[in-house]
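Thank you all for coming; I would like to take a few minutes to walk through one model with you. Please keep the sequence and the coordinates in view while I talk.

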Amino acid sequence: MSSSSGTSSSSPQIQNSGSEGVDLLKAVDQRKRKRMESNRESARRSRMRKQKHLDDLMAEITQLTEGNSQILTNISATTQHYVNLEAENSILRAQMMELSQRLHSLNEILDFISSSSAAATVSAGGGSCVFEADEFQHLGFADGFLNNPWNLMGLDQQPLMASVEMYDY
């Protein structure tokens, strides 16, 4: 019965190796579970990081959108201010041109009066005036011409004013 004693002696080895196999399987299984748990935790942390990054990007989008809106509002206000200033400058340029023309006309009149009075003084041999009183009134220069030289160009009738409606932008 050597075979039975052989079996009994090999049986504890099989049992030992069987218990070692079970222990080995348990260790492998435990490592596998640990690795799975670690992977789950890592995936959870990764999802949290991804969500945080997404939230940060959404907050940045909101902030940039608000900034863009504010910039567009500032651009609109600045453009409106520019248009108003340009209209005002156009009015001022027109007024300047009109006043320059009036000044030029007044200077021509003064030159004419100066040359006429100089010619009259030379021809009359004294300080007499070029026009007699009735001629002066006949030309329409009576009643305050010398008191208000702005009357020459009709400046006393209506103030110089250009309106914004003249300029369509």
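Let me start with a question: does glutamate 86 count as buried, partly exposed or exposed, and what is its relative accessibility? Glutamate 86 counts as partly exposed, at 24% relative accessibility, where buried means under 20% relative accessible area, exposed over 50%, and partly exposed in between, computed with a 1.4 Å probe and protein chains only.

Residues are numbered from 1 along each chain as its sequence is written, and side-chain values use heavy atoms, with hydrogens and water left out.

On confidence, pLDDT being the predictor's confidence in each residue, from 0 to 100, the mean for the protein chain is 77, and 60% of its residues reach 70 or more. Over residues 1–14 the pLDDT is below 50, and this stretch has zero contacts in the model beyond near neighbours in sequence, a contact meaning heavy atoms within 4.5 Å. Over residues 155–169 the pLDDT also stays under 50, although there the model has 20 contacts beyond four places in sequence. Where pLDDT is low, the predicted coordinates should not be read in detail.

Turning to the overall picture, the protein chain has two helices and zero strands, these being DSSP runs numbered from the N terminus, with at least four residues of H or I for a helix and at least two of E for a strand. Of the 169 residues, 7% count as buried, and the chain exposes about 14300 Å², of which carbon and sulfur atoms supply 58%, the areas coming from the Shrake-Rupley method with a 1.4 Å probe and, for residues, only the protein chains shown counting as cover. Among contacts with a separation of 6 or more, residues 24 or more positions apart account for 65%.

Now to the charged side chains. With a salt bridge taken as a side-chain nitrogen of Lys or Arg within 4 Å of a carboxyl oxygen of Asp or Glu, the count comes to seven. Aspartate 29, which is partly exposed at 36%, pairs with arginine 33, the closest N and O atoms being 3.0 Å apart; both lie in helix H1, residues 2–124, four residues apart, about one turn of the helix. Aspartate 56 and lysine 52 form another salt bridge, at 3.1 Å from N to O, and they too lie in helix H1, four residues apart; aspartate 56 is partly exposed at 40%, whereas lysine 52 counts as exposed at 51%.

Glutamate 86, where we began, forms a salt bridge with arginine 93, with the closest N and O atoms 4.0 Å apart, and arginine 93 counts as partly exposed at 44% relative accessibility. Elsewhere, salt bridges that share partners join Glu41, Arg44 and Arg45 into one network.

Finally, isoleucine 61 is found in helix H1 and is partly exposed, with a relative accessible area of 48%.

Note on methods
This is a predicted model: local features need pLDDT of at least 70, side-chain atom pairs count only at pLDDT 80 or more; totals for chains, interfaces and linings use all residues.
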